[in-house]
Amino acid sequence: MTKPSCMPPDNNTRTPRFVAPANACDAHCHVFGPHAQFPYAETATYWPPDAGKDTLKRVHDTLGISRAVLVQASCHGRDNRAMMDAIATSNGAYRGVCMADDTFTDNDFQDLHEGGVRGIRFNFVTHLGGAPNLEMMERVLNRVKPFGWHLVIHVNAEDIIRYEAFFNRFDMDIVVDHMGRVPTSEGVGQKAYQILLDFMQRDNWWVKVCGSERIAIAPPFYDAVPYAQGLVEVAPDRILWGTDYPHPNIKKHMPNDADLLDLVPLIARDEATQKKILVDNPARLYGFDE
């Protein structure tokens, strides 16, 4: 059986101009396969080129990043084994965000927690299958709350508008992927971005100022910077950053990950805020040891 693939990442990572602080964390990246060891889900809408843990480590070494949060992607579905293997062999440098449903047992969730998972992700994006069953999602969230996990939502701009009231029902930390994928072509006054700013006024909301290559019109992705700056201004203590390596389903402009890291000093102008975003905030949310 085969599925549609996607563009491979640019693995010729250049050395960034920006020097990341010690213990910097890529708070949104993936491991894909290798397929022969960790097969992709039959229900996935795409099967990407392999990009396993060793490749990810080489990218991070070039970028000067020593910590990471691995986010389970839809190509692996609810089979979290590739992610868990990478965490287990990271010597404490990785944490994880899983995908799960209500077929998981309490022991399954306990094993994921003990293996380094600290959050659960639900996808609402149409091209990846669309919104989950909302009642199932609520049941699962109630089961993982005792672990202190947070909810990660992968949404498009229209989902922020449609599900605004639903998301506000949860009294747990909520992390928004990729700045809510709000298109820069619609301007900072667009409704979805304004709702996201309202979300960030509340103490339980976090956002990842990653995915600039997804919301910008073209490289070098500078048009995404004002959106990230606006979010940082509202809640600098609840901002995360990530590469999104290996950038699944990029349609046109595959980024070099150094270019994305070099956006950080444009998004956060002073060293103290840069350290919050790259070190302090992910350490607090994911429990990295000092």
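Me: Leaving aside neighbours within four places in sequence, which residues is Leu-231 in contact with?
Reply: Met-179, Tyr-193, Leu-196, Leu-197, Met-200, Val-207, Val-209 and Ile-239. Contact means heavy atoms within 4.5 Å. This is a predicted model: local features need pLDDT of at least 70, side-chain atom pairs count only at pLDDT 80 or more, and totals for chains, interfaces and linings use all residues. Residues are numbered from 1 along each chain as its sequence is written, and side-chain values use heavy atoms, with hydrogens and water left out.

Me: How many residues are in the largest nonpolar core?
Reply: 92, with Leu-70 and Leu-231 having the most contacts inside it. Helix 7 (residues 191-199) gives the largest share of this core, 6 residues. A nonpolar core is a set of buried Ala, Val, Leu, Ile, Met, Phe, Trp, Tyr and Cys residues joined through side-chain atoms within 4.5 Å. Buried is under 20% relative accessible area, exposed over 50%, partly exposed in between (1.4 Å probe, protein chains only). Helices (H or I, at least four residues) and strands (E, at least two) are DSSP runs, numbered from the N terminus.

Me: And which residues does the second, separate core include?
Reply: Cys-25, Val-69, Val-97 and Trp-206 are among its 13 residues.

Me: How many bridges join strand 2 to strand 3?
Reply: 4, between residues 67-71 and residues 94-98. One of the pairs is Val-71 with Val-97.

Me: Which residues of helix 2 are buried?
Reply: Ala-82, Met-83, Met-84, Ala-86 and Ile-87, in residues 81-88. The buried residues pack against helix 1 (53-63), strand 2, strand 3, helix 3 (106-114) and strand 4 (117-123).

Me: Now Asp-244. Buried or exposed?
Reply: Asp-244 is buried, at 1% relative accessible area. Its place is the loop between strand 8 (239-240) and helix 10 (257-261).

Me: What does its side chain make a polar contact with?
Reply: The side chain of His-30, at 3.0 Å. A polar contact is a pair of N or O atoms within 3.5 Å; within protein, one must be able to donate a hydrogen and the other to accept it, and residues adjacent in sequence count only if both atoms are side-chain atoms.

Conventions
Two strands pair if DSSP finds at least two bridges between them.
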